[in-house]
Amino acid sequence: MIVTWLYVPGDRPERFAKAAASGADVVIIDLEDAVAPDGKDAARENTLAYLAAREAGGPAVHVRVNDLATPRGRDDVGALAGSGVDGVRVPKVEAPDVLDLLGDLPGYALLESARGVLAASAIAAHPNVAGIALGEQDLAAELSITAESAMDHLRLQVVLAAAAAGLPQVPMSVYPDVRDKAGLLASSARGRSIGLYGRAAIHPRQLPVIREAFRPGEQEIARAREVVALAGQGASALPDGRFVDAPVIARARQVLRLAGEEIEI
């Protein structure tokens, strides 16, 4: 399962290979917010050149394009057709119809506004969508949100929309302070507790912290193994009194998958 997503600016091609070697599961080349207006044409060309030359065996490469409501965003998508890109991250999605522009490209819709969150279910159900996520910085600014509890409410709406559409679990937005390991760890643990999984990063030093936050602990893994051992025995109880039935076993299997253990179904 994908745990880490690392952004790299499209106008810094010297960083592309370093990002690919960082250990991130997905490298996201950013043509949008990370690039100044006068550098966007070069960023697109850098990206296309990298995709054409990259060797097999590295991490998946996604590209965050510019807003599809603009000619530049639509040109980004047109240029990426046939490029071998593994996914297109679409910013500022507020309605599903804009995703028709992706054609055969797998899309990852970023919901960055109130309208986007309210349309989350319809967006998640679009056939071109392979995943959804929140753009929390823009959303918090629009809604004047400062409380984590309020943001959790919005996160849960997106978690529900993804699950209902059969999409992968929703990854968390970036944590902006690259030096605050404790804050990143605590924030990621909070996200995991409400159904989010994995996180985007803006610096390689954040990657091991994210992996630590989303990997189940040894006690959690041990308990999951005990539960899965009872699979096929119907409703039963462990020696410590914990009741075990099908939903509990399903959750235990998920824990072991997150821990990277092979499970016989």
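Colleague: In this predicted model, does Y108 count as buried or exposed, given its relative accessibility of 16%?
Modeller: A residue counts as buried when its relative accessible area is under 20%. Y108 has a relative accessibility of 16%, and therefore Y108 counts as buried.

Colleague: How is the ring of Y108 arranged against the ring of W5?
Modeller: The centres of the two rings lie 6.1 Å apart, and their planes stand at 70 degrees. Planes over 60 degrees apart count as edge-to-face, so the pair formed by W5 and Y108 is edge-to-face.

Colleague: How many residues apart in the chain are W5 and Y108?
Modeller: W5 belongs to strand β1, which covers residues 4-9, while Y108 belongs to strand β5, which covers residues 107-111. The pair thus links distant parts of the chain, and the separation is 103 residues.

Colleague: Which residue has its charged end over the ring of W5?
Modeller: W5 itself counts as buried, because its relative accessibility is 7%. The charged end that sits over its ring, 5.2 Å from the ring centre, belongs to R89.

Colleague: How far apart are the C-alpha centres of domain 1 and domain 2?
Modeller: The domain assignment places domain 1 at residues 4-214 and domain 2 at residues 218-259. The distance between their C-alpha centres is 33 Å.

Terms used:
Residues are numbered from 1 along each chain as its sequence is written. This is a predicted model: local features need pLDDT of at least 70, side-chain atom pairs count only at pLDDT 80 or more; totals for chains, interfaces and linings use all residues. Side-chain values use heavy atoms; hydrogens and water are left out. Domain bounds come from an automatic or database domain assignment. Rings of Phe, Tyr and Trp (its six-membered ring) pair if their centres lie within 6.5 Å; planes under 30 degrees apart count as stacked, over 60 as edge-to-face and the rest as tilted. Helices (H or I, at least four residues) and strands (E, at least two) are DSSP runs, numbered from the N terminus. Buried means under 20% relative accessible area, exposed over 50%, partly exposed in between (1.4 Å probe, protein chains only). A charge sits over a ring if NZ of Lys or CZ of Arg is within 6 Å of the ring centre and within 35 degrees of the ring normal.
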